[in-house]
Amino acid sequence: MFHNLIFGFQVAFQPDNLLFSALGVLLGTLVGVLPGIGPVGAMALLLPATFGLSPTASLIMLAGIWYGSQYGGSTTSILVNIPGEATSVMTCIDGYQMSRKGRAGPALAMAAWASFIAGTFSIVGLMALAVPLGEQALRFGPPEYFSLMCAGLVLLTFMAQKSFLKAIMMAAVGVLLSTVGLDLISGLPRFTFGMDALIDGISISPMVMGLFGIAEILDSLDDAAQGIVFSGAIGRLYPSVKDWVKAKWSIIRGTVIGFVLGILPGGGAILSTFVAYGVEKKFSKTPEEFGHGAIEGVAGPEASNNAAAESALIPLLSLGIPPNVNMAMLFSALLIHGIQPGPLLIKEHPDIFWGLIASLYVGNILLLVLNLPLVGIWVRVLKIPQKILFPLILLFCLIGAYSINGMIFDVYVMLFFGVIGYLSRKFGYEIAPLVLAFVLGGRLEQSLRQSLLMSEGSFSIFFTSPLSAIALGIAVLLLISNFVPGLKRGRQLYNKAK
Amino acid sequence: MKTLDLTSSLFWLFLSAAAFAGSLHMGIGTVESPGMGFVPAAASGLLGILSLVLLANTIVKKLQDVTADTISTIVGRRSLTVLIGVIIYSILMPNLGYLISTFLLMTYLYWNMEQNGVKGLLRSALYSILTTAASYYLFAVLLNCPFPAGILKF
């Protein structure tokens, strides 16, 4: 492993890879700080720009946007009480209180250090787990993959923040959308409505730009808030020894929680911050300080979200199953470059795998070195008026969609999905299951059809392999656990109505 | 949310029925040899069933809850006007060309965000000229993005 890591560093330190790593983490921090566009929208926007890069450089940059946004999200949480990302919600509670007490500097520095330490340990865990898991995954056949993908999708919908029923509906829509284009086996077009532009299926970039970029902007326009400007002082950028003593165990616990929950499909990183905050409050000798500027309340969640951001790469790199939408974008980037993510990636493309791992180390150091001195710039970025920012983001999305193929059709696709994404938010539907199901849909269909061909039509093939049976069993249990209370509640309401 | 759920469940139900019919038309094959309509039929079938569950839940809940949002109350005026502007832009861009259409769009967007009468319109037009020129230089000149020239050939 050490030999491979050295090889990875040789790849990561190549000038272009280093440049794209720095660019990725800086852009990630920027989108974490800025309202109106998140890491998924930014990754979709930049995906076409990676077509001309090497697969390693494009993956390094896109991954940098993902974990860089975790850093950036904490800046707005601490300074203006607005979480830049969903994973920074818990940081608002104590981070903003520290800021109000004139301790914004130590809060920002602790968030950066906790993220760095957690990120670094999470990479070690990633290396330790991804390789053996990838070796095991080489034995998986179509039934195992089908069951794992089903379990992943059900788990993602299970962790939906809104309605479980609606989340599954969105997953079904995602699978349906993935079938647009040529059928892999017969070679005949499906749901293309005679449009040549749909023969290759719906392009992921304009779709995600619409669902996350355009929809986010439209949604923000409805919000009356016109941006909140940070006016306080940052203070010195060094936590005191007392702060470190208080936060050291919080960082360790946050790292472990984030690493474990980050592997789970769905909102593992978000969930981990809530769990980490709760655990810190429970373990604290002074729980009454929580909510009033406790540094443990910043260190724990920040460590957990960064650990989770990196452990989420494990299922993607070793199994080829993206556990969340951000990983789905990396999955798409690999596919665009003709590389199938999964167990063979480590064997056939060690430069990509180990280069990415090493770039995570490099990126984490870059974030620490660049972000703390640049905090003044991020504060200034926060002061850009929304009346300037939102039209600019819209224009970038329009240009981004058009530049993919130089076709106005991609702009129409983006706007169509922008409307779908906007209305989905308003109607209480989550977009993540749709995107993940869309990305996995092709492989899910292929695995299902191959399995049924192998078994001559017998569904028992999904239960003969222990792994497949366990994965499907988990999926069924999760489904039942959600629908039974729903049925009970429905019956109660009906009886009351009678 | 009840009216919204009712509307959305009916929409998904209609969509799933159409997709299911399309899948049957493509041919779902047999379990031994699934056809190209097999997975679309399964996905649209699942969507249809879940839409019916949502519809039934909504109808039952509606007996309890009289508060209801409608589409007109949740869709903001500004987002709607911006969306219309962007749609018109995407239709006009291939014919008018990047420079003219982007200038018009950005003027409209800045002005829409500012909402400050004629004075605001002039300032928006100024911002728009700068944005259009900068974006053209960055994407068309430096990055060779092939923007449409339009009827005026620039």
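User: In chain A, which residues of the largest nonpolar core touch the most other members?

Analyst: The model is a predicted one. The largest nonpolar core holds 181 residues. Those that touch the most other members are A:Ile202, A:Leu313, A:Leu330, A:Ile357 and A:Val435.

User: Which helix of chain A gives the largest share of this core?

Analyst: The core in question is the one with 181 residues. Its largest share amounts to 16 residues, drawn from the segment 104–137 of chain A. That segment is helix H6.

User: Which residues does A:Val435 touch, not counting those up to four places away in sequence?

Analyst: A:Val435 is one of the core residues that touch the most other members. With residues up to four places away in sequence set aside, its partners are A:Val208, A:Leu211, A:Phe212 and A:Val325.

User: Is A:Ser424 buried or exposed?

Analyst: A:Ser424 lies in helix H19 of chain A, which covers residues 408–426. A residue is classed as buried under 20% relative accessible area. Because the relative accessibility of A:Ser424 is 5%, the residue counts as buried.

User: Which residues are in contact with A:Ser424, leaving aside its neighbours within four places in sequence?

Analyst: Contact here requires heavy atoms within 4.5 Å. Once the neighbours within four places in sequence are left aside, A:Ser424 has contacts with A:Met170, A:Tyr429 and A:Ile431.

User: What is the radius of gyration of chain A, and why does it agree with a compact globule?

Analyst: The C-alpha trace of chain A spans about 70 × 70 × 50 Å along its principal axes. For 498 residues, a compact globule would have a radius of gyration near 23 Å.

User: What percentage of the contacts in chain A with a separation of 6 or more joins residues 24 or more positions apart?

Analyst: Chain A contains 22 helices and 2 strands, and buried residues make up 60% of its 498 residues. Among its contacts with a separation of 6 or more, the share from residues 24 or more positions apart is 79%.

User: How many helices and strands does chain B have?

Analyst: Along the sequence, the pattern of chain B reads α-α-α-α-α-α. The count for chain B is therefore, with helices and strands taken as DSSP runs, 6 helices and 0 strands.

User: How much of the accessible surface of chain B belongs to carbon and sulfur atoms?

Analyst: Of the 154 residues of chain B, 42% count as buried. The accessible surface of this chain comes to about 8000 Å². The part belonging to carbon and sulfur atoms is 74%.

Notes:
Residues are numbered from 1 along each chain as its sequence is written. Chains are lettered from A and ligands numbered from 1 in the order in which they are written. This is a predicted model: local features need pLDDT of at least 70, side-chain atom pairs count only at pLDDT 80 or more; totals for chains, interfaces and linings use all residues. Side-chain values use heavy atoms; hydrogens and water are left out. Helices (H or I, at least four residues) and strands (E, at least two) are DSSP runs, numbered from the N terminus. The radius of gyration is taken over C-alpha atoms; the globule rule is 2.2 Å times the number of residues to the power 0.38. Buried means under 20% relative accessible area, exposed over 50%, partly exposed in between (1.4 Å probe, protein chains only). A nonpolar core is a set of buried Ala, Val, Leu, Ile, Met, Phe, Trp, Tyr and Cys residues joined through side-chain atoms within 4.5 Å. Accessible areas come from the Shrake-Rupley method with a 1.4 Å probe; for residues, only the protein chains shown count as cover.
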